[in-house]
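Please look over the sequence and the model first.

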Amino acid sequence: MQTKKENKYKIPDKQGMIYITLPSHQPRKLSFYLALEEHVARHLNTDDDCFFMWQVEPSVIFGRNQVIEAEVNLEYCREHGIATFRRKSGGGCVYADMSNIMFSYITRDEQVNFTFNRYINLVALMLCKLGIDAKTSGRNDILIDGRKVSGNAFYHIPGHSIVHGTMLFDTNMENMVGAITPSDEKLVSKGVKSVRQHIALLKDYTDLTIGEFKEFVKSTLCNRELVLTEQDIAAVEAIEEEYLSESFIVGNNPTYSTIRRQRVEGVGELEVRMQVKGSRIKDINLVGDYFLVGDLDGQLLKPLKGVQLDAESISNALPERLDNIILNLSKEAFIQLILNYKTQ
């Protein structure tokens, strides 16, 4: 176990970072906190960045463009009382419980790469200040000793960006493995021991309790606090209704005749699902754990409906840049994915 080191890490100026606090501490579903992020972004009239932490009873949260049956062991979740929720950001499937912490960060900055990198570097520096040698890695992770301690996802609404993610203080490893169906079948077969080799738990790197750690995070990153009103809570609960609707949780997953799967380096697991009539795309969807930063339906999928299934027609229908819709995705890689399809 590491001891607290001399503080040589300087956290950037935290002036203006507001910590959002609820008026009561009653238990809430995971969907409430997703709705809270939206409420803060849409209705809290401030130019300052906002941040809050939350914990929930055992829950699985999967990305906007993931198919629930492919990502979640629904039978295991039912047997063990684990709730399932969909979020509006991209990325992969996450298990959460009261032994780990979820972070939410809301800012007016809409520059995706800058916003996201600033946030995860801020969190990594906060851990370093505590004496933990944390480093950022890949698209969205924070690592300790080469193992993942935090994964994050991003989405934006007009005028604001939202970053949210995990902070693994401790967790129920059996539930984590049992509830989530990873794409790597070898990882499943090796079970809890294997998963434990890939993740870091903060309890192994600090003597702080989970409550003390939360106080450290709050005092390090934020310089003032805003307690929401009961009117705010009512507004959050109204937004929450969408997250709790069956149509949002299950998603719209019609039967597609043609499916193409591929892992694209720096982008993630992509799966194009198409209905093709004759030589034209009748309908198309894109699922996976990719990092969504733009309007998937309006900018990427809708322009392809009715388009001839050839490289030139697809290229003409698409915008020149796709990396402002899906992080790091090139137009060439997406066209290749569509055209190298296989029929089920």
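This is a predicted model: local features need pLDDT of at least 70, side-chain atom pairs count only at pLDDT 80 or more; totals for chains, interfaces and linings use all residues.

Residues are numbered from 1 along each chain as its sequence is written, and side-chain values use heavy atoms, with hydrogens and water left out.

Helices (H or I, at least four residues) and strands (E, at least two) are DSSP runs, numbered from the N terminus. Two strands pair if DSSP finds at least two bridges between them. Strand 8 has antiparallel partners in strand 7 and strand 9.

| Pair | Residues of the partner | Bridges | Residues standing opposite |
|---|---|---|---|
| Strand 7 and strand 8 | 134-137 | four | Thr-136 and Ile-142 |
| Strand 8 and strand 9 | 147-157 | four | Ile-142 and Ser-150 |

Strand 8 spans residues 141-144 and is covered on both faces, with Asp-141 and Leu-143 buried on one side and Ile-142 and Ile-144 buried on the other. Buried means under 20% relative accessible area, exposed over 50%, and partly exposed in between (1.4 Å probe, protein chains only). Two residues lie between strands 8 and 9 in their hairpin, where Asp-145 takes a positive phi near 55°.

Phe-103 belongs to strand 6 (residues 101-107) and is buried, at a relative accessible area of 1%. Its C-alpha atom is 8.2 Å from that of Val-163, which is 60 residues away along the chain. A nonpolar core is a set of buried Ala, Val, Leu, Ile, Met, Phe, Trp, Tyr and Cys residues joined through side-chain atoms within 4.5 Å. The largest has 85 residues, and Phe-51, Phe-103, Leu-127 and Phe-213 touch the most other members. A second, separate core of 27 residues includes Val-272, Leu-292, Ile-314 and Ile-325.

In helix 12 (residues 331-339), the buried residues are Lys-331, Ala-333, Phe-334, Ile-335, Leu-337 and Ile-338. These pack against strands 12, 13 and 14 and helices 10 and 11, where contact means heavy atoms within 4.5 Å.

A pocket is an open set of points on a 1 Å grid where a 1.4 Å probe fits, with protein on both sides within 12 Å along at least five of seven lines; lining residues have an atom within 4 Å of a point. The second largest pocket is lined by 33 residues, and Arg-64, Asn-65, Asn-285, Leu-296 and Asp-297 lie nearest its centre. Strand 14 gives the largest share of this lining, five residues.
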